[in-house]
Amino acid sequence: MQPWATTPVPRTPGTPRPLRLFDTASQEVRPTAPGRTAGLYVCGITPYDATHLGHAATYLTFDLVNRVWRDNGIDVTYVQNVTDVDDPLLERAERDGEDWVVLGLRETALFREDMEALRVLPPAHFVGAVEAVPEVVEVVAKLLADGAAYRADDPEYPDIYFDHLATGRFGYESNYDEVTMGTLFAERGGDPDRPGKRHPLDALLWRAARPGEPAWDTELGRGRPGWHVECSAIALNRLGMGFDVQGGGSDLVFPHHEFSAAHAEALTGEHPFARHYCHTGMIGLDGEKMSKSKGNLVFVSRLRADGVDSRAVRLALLAEHYRSDRSWTADLLAEAEARLDRWRRAVALDAGPGAGDTLDRVRTYLSDDLDTPAAFAALDSWAAEAAAGAGDDRDAPGLVATAVDALLGVDLRA
Ligand code: 5CA
Ligand code: ZN
């Protein structure tokens, strides 16, 4: 698929700091990306509805990862999928009497616009599940041949399942116990009670064609891909094993990322799939989880249509730490708008306090597991001093604007 358009990233003078991030598998903050190139895979949308602020917060978080790596002179290969054939999309299309392809294309197009408006740097590879069907088939065929996968005992619908014990490491990514895994598997798209499986936790790799569902004729028989294997195949074929960061929201810790990793590891016999598994907190609305069933979704496109400045949306979603579950409120947006206004005024001044120390602090905080609250506070202090007339460094406003553009993705001069 065509990704969205990019925006230039200026170079920030001074000394970059290598990025450390919290890894769900090891449960600690560890250094990332030791090489000159870095591989980043972030789980993309299932395009049956518009992008809400939860999705946006997740992509903004990994945009900071991308930007901090680039600041360090690292070439980033960024890969993102689009789950453009899966149960939630098909169910929504059916409910609304719409063609699932048309629905997926329309929502993906809107997502692109939203990402561009938020100045999220685009992936180098933006890959739909539909385009990746041949890649998935290749992976599943090999897992079957190697005995890591099996056909369900059901002659009518011989779906293919993954033996979750195939790698001998199952659970290393999420660190959940079996009871928690069972609960989350059932809640998040799994089918523990499906007759014909060898174990309730085994995950679907290939779904045999059902009447009325989209299906592809392949060497596995007529059917369509399971969800987790889509991300295994797309990541593996573009980044290889042991890429730097696999990212997504905390709702993907299990089963999605556990299985994406297990499929790829069973396939290759190598470990790990990703060196870091990074997860963002969930965004809610006024203290409640944002969910379709509650009908309390706030869409990026709605805010844009209402004339809200996308830069303020960006600052609002990054104002608290990315790993905390947090809430979208009118106050949060108002505070971000006020902050944007203060920063814009400060960088428009002729002079201010020297920027070197502030830039250094911003880099230090961001490199420490993306501590945006501390980075924002450092910029607030500089802006307050500049506004009060402190300092006569004529380069400082420009330097701060450059750093905020490059590292935080906000163009204060536009
Ligand atoms: N297509 C799959 C991933 S392969 C999927 O989860 N799609 S999604 O549209 O449901 O979510 C897209 C991304 O947004 C995922 O990384 C998901 O973890 C994240 N996400 C979903 N809801 C929220 C939320 N409320 N807060 C933060 N991130 C969220
Ligand atoms: Zn995924």
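The side chain of Thr32 comes within 2.8 Å of the backbone oxygen of Leu19, a polar contact in the sense used here (a pair of N or O atoms within 3.5 Å; within protein, one must be able to donate a hydrogen and the other to accept it, and residues adjacent in sequence count only if both atoms are side-chain atoms). The structure is a predicted model, in which local features need pLDDT of at least 70 and side-chain atom pairs count only at pLDDT 80 or more, while totals for chains, interfaces and linings use all residues. Residues are numbered from 1 along each chain as its sequence is written, chains are lettered from A and ligands numbered from 1 in the order in which they are written, and side-chain values use heavy atoms, with hydrogens and water left out.

Thr32 also has a side-chain partner in Trp69, through a polar contact of 3.0 Å. The residue sits in the loop between β2 (28-31) and β3 (37-42); helices (H or I, at least four residues) and strands (E, at least two) are DSSP runs, numbered from the N terminus. With a relative accessible area of 7%, Thr32 is buried. Buried means under 20% relative accessible area, exposed over 50%, and partly exposed in between (1.4 Å probe, protein chains only).

Ala33 belongs to the loop between β2 and β3. Although Ala33 is not a glycine, its phi is positive, at about 45°, and at 9% relative accessibility Ala33 counts as buried. Gln27, in the loop between β1 (20-23) and β2, is likewise not a glycine and has a positive phi of about 60°. At 47% relative accessibility, Gln27 counts as partly exposed. In strand β3, Leu40 is buried, with a relative accessible area of 0%.

Attention can now turn to the metal site. Cys43 (SG), Cys231 (SG) and His256 (NE2) coordinate the zinc ion (ligand 2) at 2.0 to 2.3 Å. Donors are N, O and S atoms within 2.8 Å of the metal (3.2 Å for Na, K and Ca); water is not among the atoms, so sites may look incomplete. Along the chain, the donors of the zinc ion follow the spacing C-x187-C-x24-H. Cys231 is in helix α6 (residues 228-239) and His256 in helix α7 (residues 253-268), so this pair ties together parts that are 25 residues apart in sequence. Both Cys231 and His256 are buried. For comparison, the ideal angle at a metal is 109.5 degrees for four tetrahedral donors.

Ligand 1 is surrounded by 21 residues, and the closest are Gly44, Thr58, Thr83, Gly249 and Asp251; a residue is near a molecule if one of its heavy atoms lies within 4 Å of it. Helix α1 (53-71) and strand β11 (243-249) each supply at least two residues of this shell, and α1 gives the most, with four residues. A nitrogen atom of ligand 1 lies 3.0 Å from a polar backbone atom of Gly54. A backbone N or O atom of Cys43 is 3.4 Å from an oxygen atom of ligand 1, and an N or O atom in the side chain of Thr83 is 2.7 Å from a nitrogen atom of the ligand. Of the 600 Å² of accessible area that ligand 1 has on its own, the protein covers 92%. Accessible areas come from the Shrake-Rupley method with a 1.4 Å probe; for residues, only the protein chains shown count as cover.

Several features elsewhere in the chain complete the tour. The 13 residues of helix α4 (residues 133-145) should span 18 Å at 1.5 Å a residue, which agrees with the 18 Å between its end C-alpha atoms; the expected span is 1.5 Å times one less than the number of residues. Among the buried residues of α4 are Val133, Glu135 and Leu143. Just after α4, Gly147 takes a positive phi of about 85°.

Gly168, in the loop between β7 (160-162) and α5 (178-187), is exposed, with a relative accessible area of 68%. Two peptide bonds are cis: that from Phe254 to Pro255, with omega near 0°, and that from His271 to Pro272, with omega near -5°. Pro255 is in helix α7, whereas Pro272 lies in the loop between α7 and β12 (274-280).
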